[in-house]
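I opened this notebook to record what I looked up in the structure.

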Amino acid sequence: VRFPEDLEDENTTFNPEFSHQVFGDDEVAFGYKGLKILLYYIAGNLSTLFRIEYTSKVNEKFDCVEADDVESKIREIIPPGFCTNTDDFVSLLEKEVNFKPFGMLLHTYSVHNQEAGEVITYQIYKADMTCPGFREYHERLQTFLMWFIETASFIDVDDERWNYFLVFEKYNKDGATLFATVGYMTVYNYYVYPDKTRPRVSQMLILPPFQGEGHGAQLLETVHRYYMSSPTVLDITAEDPSENYVKLRDFVLVKLCQDLLCFSPGKLMQGFSQEMVVEAQQKLKINKQHTRRVYEILRLRATDMGDAEQSRSYRLDIKRRLIGPYKKKQRELAKMRRCLRPEELTHQLNQIDLNMQHEQLEESFQQLVSDYRRVLERLAQA
């Protein structure tokens, strides 16, 4: 909500992707007809209005069943101090002009919004719990995780090793410049013996109204550039990354790496090298596993897949990596031959069909190439 009229504007409304963390695996609120759970957030400081509406509700006295206590379920995840009536909420909205982003400005960028027909400015900040008012703001911000990240959990904000990176949109209201929350990322700084840290991306969310505009890539690249300047950082990882995050990371890391000398077309065609691992880690804080994916994507770009020899060489190079888990199975099988009885061995052999392995390998390769092509297409448009 930026303006009072947004309260009645369906275009500013977005629905949760998940609700099982609040309402159970069936995602059902029992006992209501026409139930609406309404959560409004002021765009900048995320002050909250919470209301429940319904046309009817089961009555324990007459229906012998009790409706779910929806209100208490929502109260468990939104911090106290929220509004319950519109007038209070609108009066808070009038004070929004005083809201300013928390922490240190890291990056400013612009996006041309076709729908609005204008160029919109965004800023990325790094904050921590020492920033006045940030703790309370973060309590409100993290409530979005429950609706948009499938296995989300709230973090221990008293642990000083957390860093917070925030994206804001700048907009004008009655001649004043205001800020709207776009998304954020939390990063935990793990200790690595003897004197390094390994930042691990924990949670990342771009709010639905802003998705598909490139903010995730801007945020991840800014975070990488922030840590790249630190001599104590070893490399940057992610905790249990989603499929979408991996695609985003591929794009950002390839964009960062493509101008390194070790990834020149001539060197790419010679195969994956230790030089790539060292340069990507030292200059860009990228670990070996991610560097390998960057190499595979950039080598695909340098390869003429219409040329039989180049195509074959690329395919074999990728499959040699993909076959690792299958080779592990073969080694396990060799151990089984030495220690299993014949009938047990037959059972295990039936589970390891070589033809099936070759099919799965080819399927994995084709899926990977398809994913890599999408990264290269996005890179070409960037």
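I took a cavity to be a set of points, on a 1 Å grid over the protein atoms alone, where a 1.4 Å probe fits but cannot get out; lining residues have an atom within 4 Å of a point. Points are joined across faces, edges and corners, and a volume is the space filled by probe spheres set on them.

I note that the model is predicted: local features need pLDDT of at least 70 and side-chain atom pairs 80 or more, while totals for chains, interfaces and linings use all residues. Residues are numbered from 1 along each chain as its sequence is written, and side-chain values use heavy atoms, without hydrogens and water.

Cavity. I searched the whole structure and found one cavity of 30 Å³ or more. The largest cavity holds about 40 Å³ of space. Its lining includes Val-201, Leu-220, His-224, Tyr-245 and His-290. Helix H7 (215-228), strand S10 (237-238) and helix H8 (243-257) each give two or more residues to that lining; helices (H or I, at least four residues) and strands (E, at least two) are DSSP runs, numbered from the N terminus.

Sheet. I traced six strands in an open sheet of mixed pairing, in the order S5-S6-S7-S8-S9-S10; two strands pair if DSSP finds at least two bridges between them. Strand S5 (104-113) and S10 are the edges, each with a single partner strand, so one side of each lacks a neighbour in the sheet. Strands S7 (residues 162-173) and S8 (residues 176-192) pair in the antiparallel sense over twelve bridges.

Region 249-300. I computed 71% helix and 0% strand over residues 249-300, with the end C-alpha atoms 17 Å apart.

Definitions and conventions
1 Å grid on protein atoms, 1.4 Å probe; cavity = no way out; pocket = protein on both sides within 12 Å on 5 of 7 lines; lining within 4 Å.
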